[in-house]
Amino acid sequence: MGRVTSLGMASFWPKSDDAYAAPMNQIPKVVFSKTLREANWPESSIASGDLAQEIATLRKQPGGEIIAWGGAGFAQALVRARLVDEYAIITPPIAYGGGKPLFFELEDAIQFEPVATTTYPDGTLLRQFTPR
């Protein structure tokens, strides 16, 4: 996850009694940051090197899927570097009229293969794609 997301989650999950708190505090987490010097959230480490190299190192480790949590800047960096194997795009039925685009400053178009679409009762859409 990115630095800002990590700092926000680290201030919430360790104090939470929510059902998701234990898993969030127990899973390994990697914070991608050039400025953060220490990660105080349990099971957290910092990756400050080249994004593609850091992701390649993570992919070699056991443990299954890597899930990216973070803001638009972190997501844009992952997309531009072609490091995303599957996109899960959640679209709630609301428009804010602002924000940063996920697909920004791409050198070439990304073609997608649809994997699944789920519509929830409140109108939220979950669309899953893999790059071709």
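The legends below describe close-up views of a predicted model.

Residues are numbered from 1 along each chain as its sequence is written, and side-chain values rest on heavy atoms, with hydrogens and water left out. Because the model is predicted, local features need pLDDT of at least 70 and side-chain atom pairs count only at pLDDT 80 or more, whereas totals for chains, interfaces and linings use all residues.

**View A. The salt bridge between arginine 59 and aspartate 85.** The structure holds two salt bridges, a salt bridge being a side-chain nitrogen of Lys or Arg within 4 Å of a carboxyl oxygen of Asp or Glu. In this one, the side chains of arginine 59 and aspartate 85 meet with an N to O distance of 3.2 Å. Arginine 59 belongs to helix α3 (residues 51–60) and aspartate 85 to the loop between α4 (72–80) and β3 (87–91), so the pair ties together parts that are 26 residues apart in sequence; helices (H or I, at least four residues) and strands (E, at least two) are DSSP runs, numbered from the N terminus. Arginine 59 is partly exposed at 41% relative accessibility, and aspartate 85 is exposed at 54%, where buried means under 20% relative accessible area, exposed over 50%, and partly exposed in between (1.4 Å probe, protein chains only).

**View B. The salt bridge between glutamate 113 and arginine 132.** The closest N and O atoms of this pair are 3.1 Å apart. Glutamate 113 sits in strand β4 (residues 112–119) and arginine 132 in the segment after β5 (125–131), so that distant parts of the chain, 19 residues apart, are linked. Glutamate 113 is partly exposed, with a relative accessible area of 39%, while arginine 132 is exposed, with 63%.

**View C. The largest nonpolar core.** A nonpolar core is a set of buried Ala, Val, Leu, Ile, Met, Phe, Trp, Tyr and Cys residues joined through side-chain atoms within 4.5 Å. The largest has 14 residues, of which Phe32, Leu51, Ile55, Leu78 and Tyr87 touch the most other members. At least two residues of this core come from each of β1 (29–32), α3 and α4. A second, separate core of eight residues includes Met1, Met9, Met24 and Trp41.

View D. Strands pair if DSSP finds at least two bridges between them. Antiparallel β3 and β5 are joined by five bridges, and antiparallel β4 and β5 by seven. Phenylalanine 129 in β5 is the bridge partner of tyrosine 87 and also of proline 114. The hairpin formed by β4 and β5 has five residues between the strands, and glycine 123 in its turn has a positive phi of about 95 degrees.
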